[in-house]
Amino acid sequence: MSDRPRLLPLLGQTGHGGRSAMTCQYRCGNACDHPVPNDSDNPYFGDVVRTEVSRRGVVRAGAVGALVLGFAGATAAGATPALAAGAAGGAAPDTDALKPARFSGALTFKPIPPNKLDTLVVPNGYDHAVVIRWGDPVVPGAPDFDLDNQTAAAQSKQFGYNNDFVAVLPVDKRGRRALLVVNHEYTNENLMFPGFTTMDALSVEQLRVAIAAHGLSVVEIERVGNSGEWMPVSKGPRPYNRRITALSTRFEFTGPAAGSAWLKTAADPRGKVAIGTLNNCAGGVTPWGTVLSGEENFNQYFVGGDSVPEALKPKLARYGISTTARYPSDSRKWDRADERFDLAKHPNEAHRFGWIVEVDPFDPEAKPRKHTALGRFKHEGANVIVAKDGHVVAYMGDDERFDYLYKFVSDKKYMPGNSWVARKHNLTLLESGSLYVAKLDYTSAAEIDGMGKLPTDGAFNGTGRWIKLVRGNKSYVDGMTAADVLTFTRLAGDAVGATKMDRPEDVEPSLLTGKVYVALTNNTNRGTGTNPKADEANPRNANKHGHILEVVEDRGDNAAETFTWSLPIVCGDPTDASTYFAGYDKTKVSPISCPDNVAFDGAGNLWISTDGNALGSNDGLFATAIEGPERGHLKQFLTVPLGAETCGPFITADNRSVFVAVQHPGEITGASVENPASTWPDGDYAKPGVVCTWRLDGRAVGS
């Protein structure tokens with residue numbers, strides 16, 4: 001195989017936590033070097049009055065039994081529909097394939113040790129293979145990748161750069177073919193273009209290549225033999241394959257803010273159609289077989305914030321857009337390729353990003369949509385479950401220090417079945433509903449000292465409620481219209497006193513229990529200067545390792561407005577007293593740092609990928625039971641190559657394959673195309689790519 005273990009030198013591994021300075025620059029525009037956008041004085045946990053939370057009927061954390069969710073009861077993003085019949089052009093997925101295959105649930109693999117190898121490492125008894133990498137053909141007829149002669153036209157037909165979210169949706173009932181849907185979050189021009197010196201020195205065509213490398217890819221893949229390995233379909237028409245780019249793809253706005261004054265521009269005076277999608281991070285799969293994608297750090301692509309109207313500046317600043325300099329430090333200078341990225345000329349263009357995007361992989365002619373009803377912030381992603389009464393619930397996190405946790409409840413109810421009537425109806429579910437933000441309360445607020453010490457009641461836990469911000473066209477926030485709330489959702493959360501969290505990223509409900517799990521990646525600003533100090537839900541100051549939050553909705557109803565919460569995992573080195581693994585023997589668990597994305601297998605085990613490991617080893621993928629005596633027994637399943645982040649993950653419905661996206665391999669300060677810090681996966685220069693892992697004996701992964 002081409003990715004043999006190889007130790008390469010670290011080239012100035014500095015930056016924030018476990019990330020290199022290069023990653024901080026390109027992924028989020030050095031967000032940690034800028035002031036915290038949330039400077040609101042809304043109360044945090046220790047100041048929340050307990051009587052504000054209704055206790056009537058609230059279920060204590062851990063008291064909800066296993067809620068077996070059938071097809072009509074609940075479906076989450078781990079589910080994968082199969083195509084019932086027909087070719088592309090709107091073929092309806094077979095929703096009967098939404099339920100993952102069940103298995104015993106025991107995680108029997110031997111955990112791998114932390115390492116710094118420039119390869120992907122998996123447990124004994126497993127194998128792995130690269131499915132697709134940057135530059136590989138997506139659209140039939142795409143030209144071969146030419147590193148030295150890249151063009152925007154070619155990149156618009158090839159697999160994009162830095163892949164994040166991964167979904168695998170079966171195309172046939174035999175499980176032989178599927179659609180691989182992948183986000184392309186951001187570009188790193190240092191590692192893309194030979195001879196790179198500065199952004200100013202790039203040609204306009206190179207800038208257009210970078211713009212085209214953002215977005216999503218839809219690729220038809222096929223199983224290799226009867227194994228858990230997959231590869232792209234290389235012959236035939238491949239009608240589903242397409243690239244969705246930031247360069248030219250048209251997106252339709254839906255919901256109450258569509259057509260509002262905030263979304264209107266000179267190029268789109270109706271405020272109904274946006275060009276492109278930016279910084280697509282995580283996502284989810286809906287029960288009706290579409291993919292949701294979150295637009296995250298979109299702020300870094302815009303310039304000219306110093307010249308916008310004065311009244312607009314506080315709103316832009318709350319979203320991390322500089323309003324004091326025409327060109328913020330390390331600007332991408334995309335305005336040289338397209339003036340819409342210049343806010344001095346087009347001040348509303350930034351408002352057209354930061355939404356949840358819905359893509360129908362089964363209809364390549366369908367225009368992707370940006371759903372304004374789900375609010376605008378730095379979306380990590382969105383994951384959907386059907387509540388007891390049939391309403392659809394989407395959970396979302398705002399990936400910023402001291403920002404908030406949200407959920408959306410649809411006005412309409414989910415319609416089960418495979419009919420065209422059902423599909424047409426379900427495609428409208430995210431267009432109207434109620435948007436909520438979370439406010440939490442504690443049981444042991446006075447005991448939290450910022451050192452991560454477990455309270456005397458034996459748990460970090462408490463209660464909480466969902467504060468309604470808007471329903472349809474009705475705002476519940478004083479002084480803000482519905483369009484205001486949905487376009488500047490962060491400001492609405494500030495106004496109602498939402499709870500400030502430590503970078504809430506992926507938020508996903510479990511199919512088997514209905515409980516919701518939140519990856520809180522880290523927050524080194526917690527407790528520093530005038531920033532909020534530790535509280536029971538974010539129990540460590542200078543939190544560099546992050547933690548997992550578990551939410552149990554009242555009565556097991558995902559549409560409820562009250563809940564209980566707890567922290568089953570407080571990440572870090574198990575030998576560190578400030579870590580916690582649901583009470584499990586810490587001598588038997590793997591060290592973990594900076595949880596980013598989560599997923600579930602057919603047994604309900606929680607799988608956690610990491611981003612920015614602050615323990616000094618490569619990022620990886622971990623798994624643990626979340627129910628029963630093995631709850632908290634966290635085990636490391638794989639590690640990604642040097643400098644990379646583990647994205648995805650996605651476990652197929654048959655539990656035979658684990659897909660991960662290897663994002664930004666070799667992204668270490670000082671690296672370049674000519675002097676790579678990683679040569680994964682082909683032994684020459686670093687290329688982001690998607691990998692599948694499977695058991696050699698064909699059994700369920702993890703078991």
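**Figure 1. Overview of the chain.** The secondary structure comprises eight helices and 34 strands; helices (H or I, at least four residues) and strands (E, at least two) are DSSP runs, numbered from the N terminus. The model is predicted, so that local features need pLDDT of at least 70 and side-chain atom pairs count only at pLDDT 80 or more, whereas totals for chains, interfaces and linings use all residues. Residues are numbered from 1 along each chain as its sequence is written, and side-chain values use heavy atoms, with hydrogens and water left out. Of the 703 residues, 66% count as buried, where buried means under 20% relative accessible area, exposed over 50%, and partly exposed in between (1.4 Å probe, protein chains only). Among contacts (heavy atoms within 4.5 Å) with a separation of 6 or more, 68% are between residues 24 or more positions apart.

**Figure 2. Strand β5 and its two antiparallel partners.** Strand β5 (residues 177-184) is mostly covered, with seven of its eight residues buried. Strand β4 (residues 163-170) runs antiparallel to β5 and is joined to it by six bridges; two strands pair if DSSP finds at least two bridges between them. β4 and β5 form a hairpin with six residues between them, and Gly-175 in the turn has a positive phi of about 75 degrees. β5 also pairs with strand β6 (residues 215-223), in the antiparallel sense and over eight bridges. Leu-180 of β5 is the bridge partner of Val-168 and also stands opposite Val-219 in β6. Strands of a sheet pair through backbone hydrogen bonds, either parallel or antiparallel.

**Figure 3. The open sheet from β10 to β11.** Six strands form an open sheet of mixed pairing, in the order β10-β9-β14-β13-β12-β11. The edge strands are β10 (273-275) and β11, each of which pairs on one side only. From one strand to the next, the twist averages 30 degrees; axes are lines fitted to C-alpha atoms, for helices over the stretch in contact, and angles run from 0 to 180 degrees between N-to-C directions. Strand β12 (residues 291-295) pairs with strand β13 (residues 356-359) in the antiparallel sense over four bridges. In this pairing, Ser-293 stands opposite Val-357 of β13.

Figure 4. Asn-183 lies in strand β5 and counts as buried because its relative accessibility is 0%. The side chain of Asn-183 makes a polar contact with the side chain of Ser-293 (3.1 Å). A polar contact is a pair of N or O atoms within 3.5 Å; within protein, one must be able to donate a hydrogen and the other to accept it, and residues adjacent in sequence count only if both atoms are side-chain atoms. Asn-280 is located in strand β11 (residues 280-285) and is likewise buried, at 0% relative accessibility. Its side chain makes a polar contact with that of Thr-277 (2.8 Å). Leaving aside residues up to four places away in sequence, Asn-280 touches several residues, including Asp-164, Asn-183, His-184 and Ser-293.

**Figure 5. Aromatic pairs between separate parts of the chain.** A search of the whole structure finds 22 aromatic pairs; rings of Phe, Tyr and Trp (its six-membered ring) pair if their centres lie within 6.5 Å, and planes under 30 degrees apart count as stacked, over 60 as edge-to-face and the rest as tilted. Trp-262 and Phe-488 form an edge-to-face pair because their ring planes are at 90 degrees, with centres 4.8 Å apart. This pair links distant parts of the chain, 226 residues apart: Trp-262 lies in the loop between β9 (250-254) and β10, and Phe-488 in the loop between α7 (482-487) and α8 (489-495). Trp-262 is partly exposed, at 23% relative accessible area, whereas Phe-488 counts as buried, at 1%. Tyr-442 and Trp-565 form another edge-to-face pair, 6.1 Å centre to centre with 85 degrees between the planes. Tyr-442 lies in the loop between β19 (433-440) and β20 (461-471) and Trp-565 in strand β26 (residues 562-570), so the pair ties together parts 123 residues apart in sequence. Both Tyr-442 and Trp-565 are buried.

**Figure 6. Charged side chains over aromatic rings.** Lys-333 lies over the face of Tyr-327, at 4.8 Å from the ring centre. Arg-490 lies over the face of Tyr-319, at 5.2 Å from the ring centre. A charge sits over a ring if NZ of Lys or CZ of Arg is within 6 Å of the ring centre and within 35 degrees of the ring normal.
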